[in-house]
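Keep the sequence and the 3D view side by side as you read.

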Amino acid sequence: MRPVGGLAKRIENRSASLFERGRKVFPGGVTRTTVVRDPLPVYVERGEGAWLIDVDGNRLLDLNANFTTLIHGHAFKPIADAVAAQLERGSCFANPTEHEIALAELICNRIPAAERIRFVNTGTEAVMFAIKAARAVTGRSQIAKLEGTYHGGYDWAEISEHTDPGTSATTPPIALNNYRGAPRSVEAETIVLALNDVERTTAALAGTEGKLAAILIDVMPSRCGLIPIEPEYLALLSNYCRRNRTLLISDEVLNLRQGFEGASARFGITPDLMTMGKIIGGGLPIGAIAGRRDVMEIFAQRDAHGWLLPQGGTFSANPLSMVAGLAAMQALDRSAFEKLEALGEEVRKALSAVIAKRNVDMSVHGRASLFRIQPSRRIPRTYREAFASEGPTSPMPRLCEALLRRGINLPRHGTGVLSTPMTDAEVRHLSDAFAGALADIGL
Ligand SMILES: Cc1ncc(COP(=O)(O)O)c(C=O)c1O
């Protein structure tokens with residue numbers, strides 16, 4: 001790595017040699033594109049609470065938390081104990097266990113929109129089955145989703161995830177496949193809506209009445225600049241769904257962490273279906289589809305040919321994920337959420353003070369345990385506004401690199417995530433490192 005502003009405090013000998021080994025077995029040297037880092041990924045040796053220790057012995061405050069999963073940080077004792085005990089009794093069976101009922105009960109008792117639930121292994125799978133369920137219930141194949149939102153790797157959910165408003169902006173936005181060779185029919189079956197833009201969305205929905213199985217939303221989509229969906233916009237989508245017997249799917253794989261009852265409750269909606277993942281697995285693989293009892297019944301219905309919506313999965317509801325998830329969720333009581341809420345406020349305030357003091361063209365926003373450093377003075381309202389500040393001149397990659405050298409692991413798009421083991425000391429470390437990193441890159 002090149003030193004930033006002469007502050008090359010990090011050592012990365014072992015990371016460099018592991019990357020060399022990785023290049024001999026993985027295309028691009030790594031086994032998931034999301035860990036790619038220029039010029040090399042940071043290989044981790046272990047995690048301790050809110051901190052990562054990399055293979056070269058560098059200590060990093062972890063503001064990624066495995067893509068927002070680890071709400072209790074690393075190696076949380078109740079989870080480690082529950083998993084260790086379950087391992088002694090077996091890791092997976094082709095039979096149900098009591099553990100899956102216990103986790104389902106906790107979630108259904110807590111989340112208003114979750115009357116019934118099914119477990120799968122990832123958020124991608126949860127979104128895929130929620131869309132399939134909406135199709136099976138309505139007998140329609142088309143869906144609508146928001147421009148720029150990330151929902152995992154299912155073809156329809158991936159549409160227009162990377163729309164570049166500079167080159168492909170249209171009114172209303174168009175459906176663009178997310179990988180080369182994807183079937184054009186996927187584009188034809190997906191309507192793309194502009195987040196918080198009532199006029200464009202009304203135009204896009206005109207003529208779709210009776211055709212859409214679902215509208216898939218995320219109430220505060222991270223890849224869209226972590227912009228909250230506005231009440232008027234939410235009302236437009238909810239009313240459309242009610243009028244047209246289209247199901248509203250709230251993807252809370254990331255945003256369930258917004259509160260004790262999840263994100264849709266915080267935003268005042270009761271979706272027909274919702275998806276979960278990340279925090280409900282306590283750091284082990286998980287996903288879930290939940291929703292209204294009558295809608296979820298589709299998973300249990302069959303006719304003369306078989307299940308109307310087959311859903312299995314070799315590792316779905318494996319007891320390790322179930323016991324880890326239960327330990328994590330039990331520890332996430334109302335007071336844990338209050339602590340995270342206060343911590344989020346403290347971090348946003350501290351970083352905003354640094355920005356004001358240095359008078360840089362940046363802002364900080366977010367909610368609950370999520371914050372985003374935005375490379376513009378104005379907080380964006382729409383995907384296109386958020387995208388505009390992410391161009392090639394954005395300081396964010398340099399800033400994240402400088403932060404890394406000062407002991408902070410922040411994803412390059414600038415969205416940071418907080419966890420329950422963090423204290424004032426971590427907030428101070430972050431704001432000091434932020435001020436230092438801005439100076440390192442000449443801002
Ligand atoms: C909103 C949202 N939906 C779906 C997914 C996909 O989840 P997974 O990575 O577990 O497949 C993610 C992952 O970050 C997400 O943020």
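Helix 4 meets helix 13 through His99, Glu100, Ala102, Leu103, Leu106 and Arg110. The partners in helix 13 are Pro319, Met322, Val323, Gly325, Leu326, Met329 and Gln330. This contact holds eight nonpolar, three polar and two charged residues. The model is predicted. Helix 4 covers residues 98–110, and the axes of helix 4 and helix 13 lie 8 Å apart at an angle of about 35°. The crossing of helix 4 with helix 13 is left-handed.

Stay with helix 13 and pick out Met329, which belongs to this helix. Is Met329 buried or exposed? Its relative accessibility is 3%, so Met329 counts as buried. Buried means under 20% relative accessible area. Leaving out residues up to four places away in sequence, Met329 touches Leu103, Leu106, Arg110, Ile279 and Ile280. Take Leu106 from that list. Met329 and Leu106 are 223 residues apart along the chain, yet their C-alpha atoms are separated by 7.9 Å.

Helix 13 has another partner to look at. Helix 3 (residues 77–89) packs with helix 13 (residues 319–331) at an angle of about 155°, and their axes are 8 Å apart. Angles over 145 degrees count as roughly antiparallel. Helix 3 and helix 13 are therefore roughly antiparallel to each other. Their crossing is right-handed. From helix 3, the contact uses Pro78, Ile79, Ala82, Val83, Gln86 and Leu87. From helix 13 come Pro319, Leu320, Val323, Ala324, Ala327 and Ala328. How many residues of this contact are charged? There are no charged residues here; eleven are nonpolar and one is polar.

Now compare another pair. Helix 14 (residues 334–358) and helix 17 (residues 424–440) pack at about 25°, with 10 Å between their axes. Angles under 35 degrees count as roughly parallel. Helix 14 and helix 17 are therefore roughly parallel to each other. Helix 14 passes helix 17 in a right-handed crossing. On the helix 14 side, the contact residues are Leu343, Glu346, Val347, Ala350, Leu351, Val354, Ile355 and Arg358. On the helix 17 side, they are Asp424, Val427, Leu430, Ser431, Phe434, Ala435, Leu438 and Ala439. By class, twelve are nonpolar, one is polar and three are charged.

Next, look at one helix by itself. Helix 1 spans residues 13–23, and its buried residues are Ser15, Leu18, Phe19 and Gly22. Why do these buried residues line one face of helix 1? Seen down the axis, they fall within an arc of 105°, so they share one face of the helix. An α-helix has 3.6 residues a turn, so residues three or four places apart point the same way. On the other side of helix 1, Asn13 and Arg21 are exposed.

Some backbone details come next. Most residues other than glycine have a negative phi, and most peptide bonds are trans. The bond from Asp38 to Pro39 is cis, with omega near 5°. Pro39 sits in the loop between helix 1 and strand 1 (44–48). Helix 2 (residues 65–68) contains Phe67. Phe67 is not a glycine, but its phi is positive, about 55°. With 28% relative accessibility, Phe67 counts as partly exposed. Thr68 is in helix 2 too. Thr68 has a positive phi of about 80°, although it is not a glycine. At 8% relative accessibility, Thr68 counts as buried.

Finish in the loops. Glu147 lies in the loop between strand 5 (142–146) and helix 6 (155–158). Its relative accessible area is 1%, so Glu147 is buried. Leaving aside neighbours within four places in sequence, Glu147 is in contact with Ser160, Thr163, Pro173, Val192, Leu193, Cys224, Tyr383 and Arg384. Asn255 is in the loop between strand 8 (247–251) and helix 11 (263–266). Asn255 is buried, with a relative accessible area of 0%. Not counting residues up to four places away in sequence, Asn255 touches Asp218, Met220, Pro221, Ala263 and Leu370. Asn255 and Leu438 are 183 residues apart along the chain, and 29 Å separates their C-alpha atoms.

Terms used
Residues are numbered from 1 along each chain as its sequence is written. This is a predicted model: local features need pLDDT of at least 70, side-chain atom pairs count only at pLDDT 80 or more; totals for chains, interfaces and linings use all residues. Side-chain values use heavy atoms; hydrogens and water are left out. Buried means under 20% relative accessible area, exposed over 50%, partly exposed in between (1.4 Å probe, protein chains only). Helices (H or I, at least four residues) and strands (E, at least two) are DSSP runs, numbered from the N terminus. The arc is that of the directions from the helix axis to the C-beta atoms. Axes are lines fitted to C-alpha atoms, for helices over the stretch in contact, and angles run from 0 to 180 degrees between N-to-C directions. Angles under 35 degrees count as roughly parallel, over 145 as roughly antiparallel, 65 to 115 as roughly perpendicular and the rest as oblique. A crossing is left-handed if the near helix is turned anticlockwise from the far one by less than a right angle, and right-handed if clockwise. Contact means heavy atoms within 4.5 Å. Ala, Val, Leu, Ile, Met, Phe, Trp, Tyr, Cys and Pro count as nonpolar, Asp, Glu, Lys and Arg as charged, and the others, Gly among them, as polar.
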